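Subject: The structure I promised you

Hi,

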Amino acid sequence: MRSQKKMRLIREIILYSVLTLFSVIFLVPLFWMISTSLKPESQVMTVPVQWLPKPPQWRNYIDAVKAFPFFRYFWNTSFLAILNVVGTLFSASLVAYSFSKLRWKGRNQLFYITIATMFIPSQVLIIPTYLIFSKLGWINTYLPLVVPAFCGGGAFNIFLLRQFFVSIPDELLEAARIDGASEFRIYSQIVLPLSKPVLFTVSIFTLLFSWNDFFGPLLYLHDPSKWTLAVGLRSFQQQYTTTWNLLMAASTLTALPLIIIYFIFQKSITSGFALSGSGK
Amino acid sequence: MKLARSFLIALFILVLTTISFAAPVVIKFWHVYDAGIAKQTIDQVVTDFNKSHEGKIRVEALGISFWDYWDKLRISIAAGQEPDVFVNDLGDVIMRASSGILLDLAPYLKKAGTDVDKTFFKAPLDMCRWKGGIYALPFETDVRLLFYNKDLFVKAGLDPNRPPKTWNELWQYADKITKKNAQGDYDVLGFNPLYAQSYFWMYVWGNGGDFIDEKGNLVVNSSIVVKSLTEWKQMVDRLGLDKLQKFNATYPLGLNDAFINGKLGMVIQNNTFFSQLRDYAPNLNYGVVQIPYPVKPVSWSNGFSIEASSRSRNKDAAAEFIIYLTSKTPSYLFAKNVSSLVGNREAAMSPDLMSNELWKLSVQTLDISRFRPFVLEYPLWYEDLQKTVETVLYGKSTPQKALDDLQKMIETQIQKYRLTH
Amino acid sequence: MPGKSIRSFWKRKSAIGYLFAAPWIIGLVCFILGPIVASFFLSFTTYDGINPPKWIGFMNYKILFTLDPSFLKALGNTFYYMFGSVFLKVLLGLILAVLLNNAGKFMGIFRTIFFLPVVLPAVPVMFLWMMLFNPTNGLINQFLGIFGINGPLWLNSPTWSKPAIILMSLWGIGGIIVIFLAGLQGIPTELYEAAELDGANKIQLFWKITVPMLRPVIFFNVVTGLIGASQVFAEAYIMTGGGPLESTTFVNLMIYKLAFKDVQMGYASAISVVMFLILVPLTIVLFRIYRRQAEF
């Protein structure tokens, strides 16, 4: 009995030391980002390593914000993220409702196709999509980055919502239908309020995706006043110089909203991820 | 009543027409001068132009960071949304001219009474000519020069007033300057053939070689190119490719530049490099000379052209702005403020500019300097040449074989072009 | 009469169904199915974005397969990255998930830490790793230096540039860990208890119960990981520009450069079509797994 206890203790020690080691490895880059963001330029690239800035240059954050149109890009990024979330919530839930609670010809076939599109390699779409937007005169507007969100918001979100809606009992809806409620009313006043958790997950995913999108703004926006943070950060890479400390300060500021959101909504974010993997 | 109404309509039409007559034509102009003195100068030039064309033409200028500019411009052209006037690469004007996207400026220059041969340096201007037309004007050009650190020369026991003239001397001097640290990495390098603006094609030219044969065909596997690449590889191998690359990664260009930080004895750089030296290392004791040569003196030039879109709705105004921008006064202002070699010869030859030694050297070097030959069927051939050089340096192929392969590639690209045009 | 009213009832119902699904039907046609067809068409043309596309038959494909070594290289690079990153991510993700699952009340803290990099914006993360990978001043090589190891040139070396990008991708392993964790918690504990009674040790339990029970989830992660990794772009665009020696020129970067830098949209489309056809079998495999697993 005692030896078993001892074995267990040893096992736990190994377990926790391995996990702690990995935690340190995972945290060091983040620490390095923040540490660099507070360093004077002379301490950025040093041998041996300068772990902590001496003294911390809080000014870097002011300089970084001044070095590129941070607030403009922050606003642009937020604006796009909000429109994407709104568009996706609205259109994906509408489509998911149709896939789960309405009966129409070709519904199941279309749903299969929808699922299949989740796995289409996007390479094949880049050029024609670009050409479509350019023929529509949408280049250098936010439309290419927003309109797709209002067109169903992507197969994954539709799928996620549809699976949740299926679990809402049909009897609930039938009762309302007998009372003469329209489908839109049932959708907006019965189904949506019951689906708050999954709608929230979809919002967070869309927000993360939109905030991180680099390729879209890179391709579609050529006027710098319309850029987003992800693209704007490149202005720290000048033709001849990269100011690492300011770049890291700006990067920290770009990441900060997401880190805050993560710490507040950690549970629903991780469970949303788990959900996407189990496919249920 | 009726009279009153028709009077009102007439008045309305009158107001409308006056507004539309008074509203100036708007010209969009994109450039790469997004910061510092270059931006200020361009802004001033544009403001001056707008003032003198009040009510007629208004230029809206937009500076975009050098890294993003090229992709943004190309994408906007592909989308049919390019600005009326834009800065572009002087090296491949003909590529765009042949696609029909550029406005031929020749008629406008004639109307304005500009004698282009007198106004611009010949070589940069020639890069803008295609089928009898002039599809761009050279705004900026440049030359490559050798910058050397006089203090490092003295430390190595060399005469700081006797810079190397030939490639042999360059290596003799370099070896004296080079210092290794305890790990065997380079602490100080005399010269690094893979750093900054040192390009293989310049070495080929210096060896008396050429990439265009007597028939005007692009040939990269002639014996002189193969010989040059063999020598190039020997130079790199002697110093160690690994070690040179580590050196390059340690000293990325800019503030951490090796020459600026006194870690490199000699460097081949653009003529505008001195402004970085002035800003980042005001106390560095350096000299500038023409690039040493194995056989004959040579330098490489490229630059920025100003072009107008053939799809512009206001071609007259666009052409007028380009002609103004590249005329003597704005060019002189740009040359003086930014210290960049402008394509306008009259501006560049101004006595007060020529009184500066470095400026004079740059202008003189333009006489021996060359542009990369432009090949319409395969405009980016030199990028593939660079890749081929890399392949050889990494020992993945021999000079002869790698260049033969490239030659095959060139021939198929040309064949493809002919099949599709 | 009643038959007719039922039919019209269903007609109306159907109409509402289509109406609700309309945004997606439009999106599907305009942004997915249409572009796929258009890509196939463009791949048989030359198109510079300025002049109208010109039909050239199979010329693009001929050049692609017989004359352009850079495509095969880009394909090789992409597969290297796909399999390298996915294999390591799934392996390490599974190991860490199993460890986490045993971490009791500390599980939450560790999970928070492991997942944190997932929410960080991609571009700042790449800039950060460019610093870490610097051969002389970077944290990684200075750390290796402590053990007397002369670290490689990482992003500046044709051999180490892809491993460096893979290493960076491992930092974002949190998503996989969370998915595995959910899978692990779905395995009935009775299975383990029964096996333990039979005298199986922890390692045997892992191979005999955990891995087989998680097989669908592992499969899922492998295939979605492969599809996702096949689209690697920003890493090369920002960190290496495709070099050195084209060692990080991935297919998507090549398509981007050809389409938007050299403006050879026809040729770029041909590459995208070939890549699409290569990945379709993978897509079908994934779809099958997904259908078996998810109930719809």
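Helices (H or I, at least four residues) and strands (E, at least two) are DSSP runs, numbered from the N terminus. Please keep in mind that this is a predicted model, where local features need pLDDT of at least 70, side-chain atom pairs count only at pLDDT 80 or more, and totals for chains, interfaces and linings use all residues. Residues are numbered from 1 along each chain as its sequence is written, while chains are lettered from A and ligands numbered from 1 in the order in which they are written.

Let's start with chain B. Four bridges connect E6(B) with strand E13 (residues 303-308) of chain B, and the two run antiparallel. One pair to look up is Leu137(B), whose bridge partner in E13(B) is Ile306(B). Both strands belong to an open sheet of five strands with mixed pairing, in the order E2-E1-E3-E13-E6 (chain B). At its edges are strand E2 (57-63) and strand E6 (137-141) of chain B, each pairing on one side only. On average, neighbouring strands of this sheet are turned by 25° against each other, direction ignored.

What packs on this sheet? Helix H14 (residues 315-325) of chain B does, touching strand E1 (25-31), E2, strand E3 (85-89), E6 and E13 of chain B. The direction of H14 makes about 155° with that of E13(B). Axes here are lines fitted to C-alpha atoms, for helices over the stretch in contact, and angles run from 0 to 180 degrees between N-to-C directions.

Elsewhere in chain B, two bridges join strand E8 (residues 179-180) to strand E9 (residues 186-191), again antiparallel. Lys180(B) sits opposite Tyr186(B) in E9(B). The hairpin of E8(B) and E9(B) has five residues between the strands, and Gly184(B) takes a positive phi near 90° there. E9(B) is also joined by two bridges to strand E10 (residues 264-270) of chain B, this time running parallel, with Phe191(B) opposite Met266(B) in E10(B).

Now chain C, which has 13 helices and two strands. Its domain assignment (bounds come from an automatic or database assignment) gives domain 1 (2-42) and domain 2 (61-293). The C-alpha centres of these domains of chain C are 37 Å apart. Chain C has a radius of gyration of 25 Å, whereas a compact globule of 296 residues would be near 19 Å. That radius is taken over C-alpha atoms, and the globule rule is 2.2 Å times the number of residues to the power 0.38.

Finally, the contacts between chains. Two residues are in contact if their C-beta atoms, placed from the backbone, lie within 7 Å. How many residues of chain C touch chain A? There are 81, in contact with 73 residues of chain A. Helix H1 (residues 2-42) of chain C gives the largest share of that side of chain C, 20 residues. By class, this side has 59 nonpolar, 20 polar and two charged residues. Ala, Val, Leu, Ile, Met, Phe, Trp, Tyr, Cys and Pro count as nonpolar, Asp, Glu, Lys and Arg as charged, and the others, Gly among them, as polar.

The contact between chains B and C takes 22 residues from each. On the chain B side, nine are nonpolar, seven polar and six charged.

Cheers!

Technical notes: Two strands pair if DSSP finds at least two bridges between them.
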